[in-house]
Amino acid sequence: MRLHPGETEAVGWRVVTVLDAVRQLCNASPDVTGRPRVIAIDGRGGAGKTTLAERLRKVVPNSAIVHTDDIAWNRAYFDWGAVLIENILHPLHRDEAVDFRPEAWITYDRPGSIVIPAGADFIWVEGTGIREEFAPWLDASVWMQGDLDEQERLLAVRDGDSPEQLNHVANWLLEELPFMWREQPWARATMIVAGPPQIDHDPDTELVVASPTSP
């Protein structure tokens, strides 16, 4: 399996129900009260983060998803941490509703806004780029581990392989690789989820997971 430099291959993969995985994530922060639990889902493009977030949202009542791609839209690839903290994570910790239009949305006239109603029980923060500065605002995190060659193939299937897209991917990697080397989000994760899994399981009700391993 080809992994990021510095990433340790997970061992002891096992099949669990989606609800059991949620319980394990809850156990990482059992004393959360008066606000939603905020759980990050991180991994490389093509790892299946969005799919996992949607599955979790469907099985966990009163939960919502924050896509970091919406925060990062028309910004430098990883230059959005402070924006996420100030406008999303901080209000969520005060159990406040969020209705936020990033500056780039206004500049480029993108319609709508990022909306999260008050009183949610779970917030799934989904996207590449979870970093150490978010730690005080997160109650647990997931790292989706998979073979980078396979994830690149899935990304090409999803987004195409036009010259423009290939150039975008190349520019992305110039920033992603040093970012991942520096941050190593897999080392801080509460749970490792296989993306895509290599073990037989029911994709509708189960996940393939492992515990984090030390570098």
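The charged end of R110 sits over the ring of W105, 3.8 Å from its centre. R110 also has its charged end over the ring of W73, 5.1 Å from that ring's centre. These values come from a predicted model. The points below cover aromatic rings, one arginine in a loop, and a pair of helices.

**Aromatic rings**
- The count of aromatic pairs comes to 5.
- One of these pairs is F122 with W124: the ring centres lie 5.4 Å apart and the planes meet at 10 degrees, so the pair is stacked.
- Stacking requires planes under 30 degrees apart.
- F122 and W124 are both buried.

**R35 in its loop**
- R35 lies in the loop between α1 (18-27) and β2 (37-43).
- Is R35 buried or exposed? R35 counts as buried, because its relative accessibility is 19% and the cut-off for buried is under 20%.
- The side chain of R35 makes a polar contact with the side chain of D139, at 2.8 Å.
- Leaving aside residues up to four places away in sequence, R35 touches L92, H93, D95 and D139.

**Helices α1 and α2**
- Helix α2 spans residues 49-59.
- The axes of α1 and α2 come within 10 Å and cross at roughly 90 degrees.
- The two helices, α1 and α2, are therefore roughly perpendicular to each other.
- On the α1 side, V18, L19 and V22 make the contact.
- On the α2 side, the contact is made by R55, L56 and V59.

Conventions: Residues are numbered from 1 along each chain as its sequence is written. This is a predicted model: local features need pLDDT of at least 70, side-chain atom pairs count only at pLDDT 80 or more; totals for chains, interfaces and linings use all residues. Side-chain values use heavy atoms; hydrogens and water are left out. Rings of Phe, Tyr and Trp (its six-membered ring) pair if their centres lie within 6.5 Å; planes under 30 degrees apart count as stacked, over 60 as edge-to-face and the rest as tilted. Buried means under 20% relative accessible area, exposed over 50%, partly exposed in between (1.4 Å probe, protein chains only). A charge sits over a ring if NZ of Lys or CZ of Arg is within 6 Å of the ring centre and within 35 degrees of the ring normal. Helices (H or I, at least four residues) and strands (E, at least two) are DSSP runs, numbered from the N terminus. A polar contact is a pair of N or O atoms within 3.5 Å; within protein, one must be able to donate a hydrogen and the other to accept it, and residues adjacent in sequence count only if both atoms are side-chain atoms. Contact means heavy atoms within 4.5 Å. Axes are lines fitted to C-alpha atoms, for helices over the stretch in contact, and angles run from 0 to 180 degrees between N-to-C directions. Angles under 35 degrees count as roughly parallel, over 145 as roughly antiparallel, 65 to 115 as roughly perpendicular and the rest as oblique.
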